[in-house]
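Here is a friendly walk through one model, from its sheet to a few backbone details. Have a look at the sequence and the structure first.

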Amino acid sequence: MNTIDLRSDTVSHPTPAMREAMAKAAVGDDVYHDDPTVNQLEADAAELLGKEAAVFVSSGTQGNLCALLAHCGRGESILIGDTSHIFRYEQGGMAQLGGILPHTVPVQTNGTLCLDDLQAAINPDDEHMPITSLVAIENTHNAAGGLPLSAEYSAQVADFARCNGLRFHIDGARIFNAAAAFDVEAKSLAEGADSLTFCLSKGLCAPVGSVLVGDAAFIRRARRARKVLGGSMRQAGILAAAGLIAMHEMRLRLRDDHDNAQLLAEGLSEIPGLCVMSQNTNFVYFSLDDSAGVNPIELAKTLRDDHQILISPYGGEQGQFRLRTHYWIDRAAIDKVVRVVGALLS
Ligand SMILES: *Cc1c(COP(=O)(O)O)cnc(C)c1O
């Protein structure tokens, strides 16, 4: 990729090793549980996250929806962050397709949900009210700027869920970025959770796919949900082959993306007129102030047209940008971005 695409880590392409593994993958009909590569991906994912079983799904959105459909009945209510991906960016699938009611609580600036807020949001046993049945958190937290949530925090939520008879789901789309940030095994972040979804695409570079993990009975229900959503695939081993490399190899290099994000943030922060708002894991946010003397839309356009550098305007507020590092962004790319943006703002 000659283009330096920092819009998201979702733009990452599969690696040459993935393409080769995909071409050679042993396959079968996965709806009959006959695909050896999918079976291996699911077994390995379950082990890596410390759960009994797993199911391969087409996307993080589908994984989260299968989880909620498997955990909750119609008319039940879940506790969820007000800026969470599940609530904001998945079309309200839980309500649209599952009759599940989201009860939002504020996401704190550190990406957590406050336990007191959660406690206060549980409905009493009252026939006027929906039954509260689940709590969900997000790790790393997308809207909070890619912040990782610690194993200690996860354990507190698990405790809270257990004490209140709730199920506990983690939207761990980037759980391995969180694990890399704390230098811990991902399973320590999933301990006490009833289920977790993670993405094989994004920073892990697989072209397609996510995995949902949980106990065996839960995964059987999630498979039913996947089927009715049209998500059961046949010779999906072609995709799982890339997923295995994502999970076993690409997972181990996410630290490089975090280091590159830090370098990028440091380089950009030296540029007058530009303010780095935050850098966590592989996310960098910056804004332009009036002294920059450059229109933000123009900046993005010039970067794209003249320098093949793609960045995302963010948040609707003029002058804010979101950048995400990934496998295809190396040190040389970081240096170029800092140099070019510095020159354009001088
Ligand atoms: C990307 C993402 C998802 C799922 O997205 P898909 O595009 O459906 O794979 C879910 N949660 C979070 C926090 C995400 O960043």
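In what order do the 7 strands of the open sheet follow one another? In this predicted model, the order is β2-β8-β7-β6-β5-β3-β4, and the pairing is mixed. At the edges you will find β2 (53-57) and β4 (101-105), each of which pairs on one side only. Direction ignored, neighbouring strands of the sheet are turned by 20° against each other on average.

To see one of the pairings up close, go to strand β3 (residues 77-81) and strand β5 (residues 132-138). These two run in the parallel sense and share 4 bridges. Opposite Ile80 you will find Ala136 of β5.

**Helices on the sheet**

Two helices are worth a visit here. Helix α10 (residues 216-228) packs on the sheet, where it touches β2, β7 and β8. The direction of α10 makes about 15° with that of β2. Helix α3, for its part, lies across β2, β3, β5, β6 (167-171), β7 (195-199) and β8 (210-214). Relative to β7, α3 runs at about 170°.

Helix α3 covers residues 60-71, which makes 12 residues. From its first C-alpha to its last it reaches 16 Å, close to the 16 Å expected at 1.5 Å a residue.

Is α3 largely enclosed or largely open? It is largely enclosed by the rest of the structure, because 10 of its 12 residues are buried. Among these buried residues are Gly60 and Gly63, the pair Leu65 and Leu68, and His71. Gln62, Asn64 and Cys66 are buried in α3 as well.

**Backbone details in the loops**

The peptide bond from Asn139 to Thr140 is cis, and its omega is near -5°. Thr140 belongs to the loop between β5 and α7 (151-163).

Two residues other than glycine have a positive phi, Gln91 and Thr281.

Methods
Residues numbered from 1 in each chain as written. Predicted model: local features only at pLDDT ≥ 70, side-chain atom pairs only at ≥ 80, totals over all residues. Heavy atoms only, no water. Expected span 1.5 Å × (residues − 1). Buried < 20%, exposed > 50% of the residue type's maximum accessible area, 1.4 Å probe, protein only. Pairing = 2+ DSSP bridges. Axes fitted to C-alpha atoms, helices over the stretch in contact; angles between N-to-C directions. Contact = heavy atoms within 4.5 Å.
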